[in-house]
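Here are a few friendly notes to read alongside the model.

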Amino acid sequence: MYTSAQSPLWKTYFLFLAPMVLSNFLQSMSGTVNSIYIGQMLGTQALAAVSGMFPIIFFFIALVIGLGAGAGVLIGQAWGAREGHMVKAIAGATLLLGVLIGLVAAVLGSVFARQALQGLGTPADVLDDAVAYAHVMMWTLPFVLVYVLFTQLLRGVSDTLSPMLALLLSTVVGLALTPAFIRGWLGLPQLGIQSAAFAGLFGTLAAMAWLAWSLIRKNHPLAPDREFFAALRLDREILGKVLRIGLPTGVQMIVLSLSELVILALVNQHGSQATAAYGAVTQIVNYVQFPALSIAITASILGAQAIGAGRLERMGPILRTGLWINVCLTGGLIVLGYLLSHWLLGLFLTEDSTRAMAEHLLHIMLWSLLIFGFQAIIGGIMRASGTVLVPVGIAIVCVLGVQLPAAYWLDGQFGLQGVWMAFPVAYLGMLVLQTLYYRMVWQHQKIERLV
């Protein structure tokens with residue numbers, strides 16, 4: 001599905017985007033329904049305990065997202081140039097590194113779970129439950145990280161359908177097992193707050209098994225066959241290029257996750273009710289933010305394929321099309337979020353006061369996700385050429401130098417709602433600076449293939 005002059009860009013975008021957005025929807029829905037299960041079947045305190053783990057898990061996933069971003073650019077360029085052997089070599093080296101990261105994350109994360117949660121200021125009344133949940137989640141990370149990374153690599157060759165079908169299987173298995181583990185149905189053990197973590201593990205394993213079988217059956221370019229396993233080696237040259245693009249992106253994601261830890265610590269100071277509201281708002285925000293990021297990923301991959309094929313004149317239209325799709329798709333989801341916020345938050349918050357708090361916080365920052373999408377797409381286009389340091393630096397400066405100081409100051413001025421006011425401020429800063437760099441510097445640079 002490489003972009004061509006005969007295929008309208010909007011159609012190419014939607015053919016690529018539709019499975020990816022559906023995948024994001026399934027992923028978000030899985031997390032949301034699990035939160036509903038936990039909130040309704042185990043209570044608000046259990047939901048607060050699970051919510052406290054989100055930034056820690058995201059910290060490790062951020063590293064893999066960075067790797068996937070770097071490898072996706074290289075695979076996109078190699079795929080655009082029709083170099084299948086290079087596609088496998090890039091994928092093999094990146095996946096092996098992802099496995100090593102997952103093992104390190106499992107050991108360190110499980111050993112220091114309690115200290116990390118205490119450092120975040122997790123409320124004492126949910127700390128033990130949060131630690132119990134954390135231990136299971138950290139040991140499932142190697143499987144989750146490899147799965148997330150592999151689906152990113154598949155998108156580099158324009159395959160967004162296989163990851164969507166695999167995620168559908170994972171979601172069905174996970175959502176069926178979570179209440180079964182909570183209640184002990186069909187003779188299964190009652191696992192309490194750990195139920196969602198174990199259900200997610202079995203769902204991920206089922207998805208990985210199906211994905212391997214499906215890709216081999218279709219003779220897919222990234223099928224786990226003999227040639228693919230032969231490419232599983234830490235190729236220094238390839239990983240150098242992957243890390244040159246992916247490491248700054250991973251650092252950006254880590255900084256974002258660290259900022260979320262700081263935000264969560266601020267929220268935790270307002271009590272477990274505020275922590276539960278934070279978890280609920282995060283669920284709604286994910287439904288809007290992930291599609292915006294999907295558009296940016298699509299722009300980056302289509303741009304990389306255009307560079308690999310020597311079609312540099314397509315870069316501008318790819319960017320403009322992505323921005324308009326962001327207006328329609330992300331903007332539409334934002335409108336729905338405002339209209340349905342009371343009902344949506346009520347799905348997993350049973351206390352009226354907590355739901356009212358969450359709704360007010362959501363309304364403060366939801367609109368700014370449109371701005372977030374704009375800056376992400378501009379950064380994605382630049383990343384397609386391997387330009388990452390300055391765009392990443394802009395994002396980091398806006399998070400560390402704008403969002404966090406603003407969150408602290410506004411928290412002192414307006415209380416809990418002030419923390420959420422800092423998000424729009426940071427996103428606006430990112431958009432202004434990314435646009436200036438794109439127009440004044442990047443557009444005047446010579447763009448060349450990296451592989």
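1. Glutamate 237 and lysine 241 form a salt bridge, with 3.9 Å between the closest N and O atoms; the term means a side-chain nitrogen of Lys or Arg within 4 Å of a carboxyl oxygen of Asp or Glu. The two residues sit 4 apart in helix H10 (residues 236-268), so about one helical turn separates them. Helices here are DSSP runs (H or I, at least four residues), numbered from the N terminus. Glutamate 237 is exposed at 58% relative accessibility, while lysine 241 is partly exposed at 27% (buried is under 20% relative accessible area, exposed over 50%, partly exposed in between, with a 1.4 Å probe and protein chains only).

2. Please keep in mind that this is a predicted model, where local features need pLDDT of at least 70, side-chain atom pairs count only at pLDDT 80 or more, and totals for chains, interfaces and linings use all residues. Residues are numbered from 1 along each chain as its sequence is written, and side-chain values use heavy atoms, leaving out hydrogens and water.

3. The whole structure holds 6 salt bridges. One of them joins lysine 88 to aspartate 225, at 3.7 Å between the closest N and O atoms. Lysine 88 belongs to helix H4 (residues 84-111) and aspartate 225 to the loop between H8 (195-217) and H9 (226-230), so this pair ties together parts 137 residues apart in sequence. Lysine 88 is buried at 8%; aspartate 225 is partly exposed at 25%.

4. Helix H15 bends by about 30° at valine 399 (the angle between axes fitted to the seven residues ending there and the seven starting there). Glycine 415, with a positive phi near 80°, follows H15.
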